[in-house]
Amino acid sequence: AGTGAVAAVPTAGPFTLTTLVGRGVGGTAVEGPAAASFLRLPVAVATDVAGNVYVADRDNARIERVDAGTGLLTFVAGTGTPGAPTPGGPATASGLNIPLGVSVGPRGDVYIADDGNRRVEKVDAATGLLSVVAGTGATADPVPGTATDSPLRSPFGVAADAAGNVYVADRGAHRVLKVDAAGRLSVVAGTGVAGAVTPGPAVASPLNTPNGLAVDAAGNVFVALRFNHQVARVDAGTGVLSVVAGTGTAGVSTDVPATTARLNQPTGVAVDARGNVFVADRSNNRIVVVDHSSGHLSTVAGNGAQGAVTPGPATSSRLAIPLGIAVAGTGTAFVADQNNHQVQKLSLPPTTTPPLLTSA
């Protein structure tokens with residue numbers, strides 16, 4: 001979060017909302033036009049450099065891709081039936097079990113937080129083959145060292161950076177982990193004990209149920225801390241943790257400095273090219289944004305009520321437990337709208353010039 005003048009935030013919100021995929025009720029996903037496919041409890045979304053959208057479709061036990069050009073949905077990983085992974089084979093023939101997180105690396109490789117299998121997996125962009133990045137399948141606290149020799153408790157969020165590192169939010173272990181390009185696992189944040197956030201060295205701060213993750217272009221790590229009701233940032237250079245949004249007490253706030261705002265179980269976080277931080281504020285049924293220059297928080301989607309979406313102005317529509325958020329460039333965001341069984345697209349009007357929220 002930045003500092004400076006209080007932002008002049010348009011309370012009506014500049015975004016419009018449309019549905020990218022999903023029909024509003026849970027059902028079996030099918031390949032073909034995305035608008036015709038069902039989803040069943042989508043939890044997370046990601047985008048690649050071409051603007052394609054990837055969905056962690058939890059109860060369909062799949063990762064799906066919606067092509068930015070054609071609007072066609074295809075399967076990336078999973079068979080549609082919960083099961084154990086089969087490393088070395090085609091990802092679409094491998095089981096997944098409660099996929100909760102998805103991220104796309106700089107080469108197009110797809111990373112999956114496979115919660116029920118207690119693993120993080122990779123789908124190779126060139127071959128479509130699946131491999132294990134971290135986890136043994138056992139449920140225990142992670143152990144620094146070779147990532148594939150370490151257990152995990154409950155991986156939820158995953159994020160890949162430009163240098164080939166993969167970050168994992170292990171919500172059950174109350175830690176954020178890093179797997180480097182050599183496959184070595186280390187702890188980035190958290191003591192392993194659930195507790196209140198203490199700004200300072202990230203490895204010395206308790207965390208309470210880290211969920212979604214994001215990494216910006218500088219390598220700083222952002223984490224949505226569900227039961228801390230906060231979003232935190234770990235500085236890439238110093239390893240110091242700071243609070244980006246939230247007071248630590250559940251509630252709802254908007255159009256206020258972000259560190260004085262109340263969130264309610266934030267689960268998803270994303271950072272756009274300008275440094276604006278998007279948050280899926282789960283139990284407030286809203287998407288909020290922290291302005292990169294002012295540190296001011298505003299609502300850009302959701303009116304606070306839970307229910308079916310209404311295409312049009314995003315702040316006038318309901319959402320139903322938004323869990324995941326991803327951005328494409330500076331003018332588009334995507335939301336995993338879990339209980340609506342949909343992914344929503346938030347779009348700025350073409351005449352809007354970023355940054356998304358203008359400082360006074």
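Predicted model: local features only at pLDDT ≥ 70, side-chain atom pairs only at ≥ 80, totals over all residues.
Local features were required to have pLDDT of at least 70 and side-chain atom pairs pLDDT 80 or more, whereas totals for chains, interfaces and linings use all residues. Residues are numbered from 1 along each chain as its sequence is written, and side-chain values use heavy atoms, with hydrogens and water left out.

Rings of Phe, Tyr and Trp (its six-membered ring) were paired if their centres lie within 6.5 Å, with planes under 30 degrees apart counted as stacked, over 60 as edge-to-face and the rest as tilted. By this rule, one aromatic pair was found. The ring centres of Phe15 and Phe278 are 6.3 Å apart and the planes stand at 75°, so the pair is edge-to-face. Phe15 belongs to the segment before strand S1 (16-21) and Phe278 to strand S23 (residues 277-281), so the pair ties together parts 263 residues apart in sequence. Strands are DSSP runs (E, at least two residues), numbered from the N terminus.

Leu72 is located in strand S6 (residues 72-77) and is partly exposed, at a relative accessible area of 39%. A separation of 5.1 Å is found between the C-alpha atoms of Leu72 and Gly32, which lie 40 residues apart along the chain.

His296, in strand S25 (residues 296-301), is buried at a relative accessible area of 4%.

Definitions and conventions: Helix = DSSP H or I, 4+ residues; strand = E, 2+ residues; numbered from the N terminus. Buried < 20%, exposed > 50% of the residue type's maximum accessible area, 1.4 Å probe, protein only.
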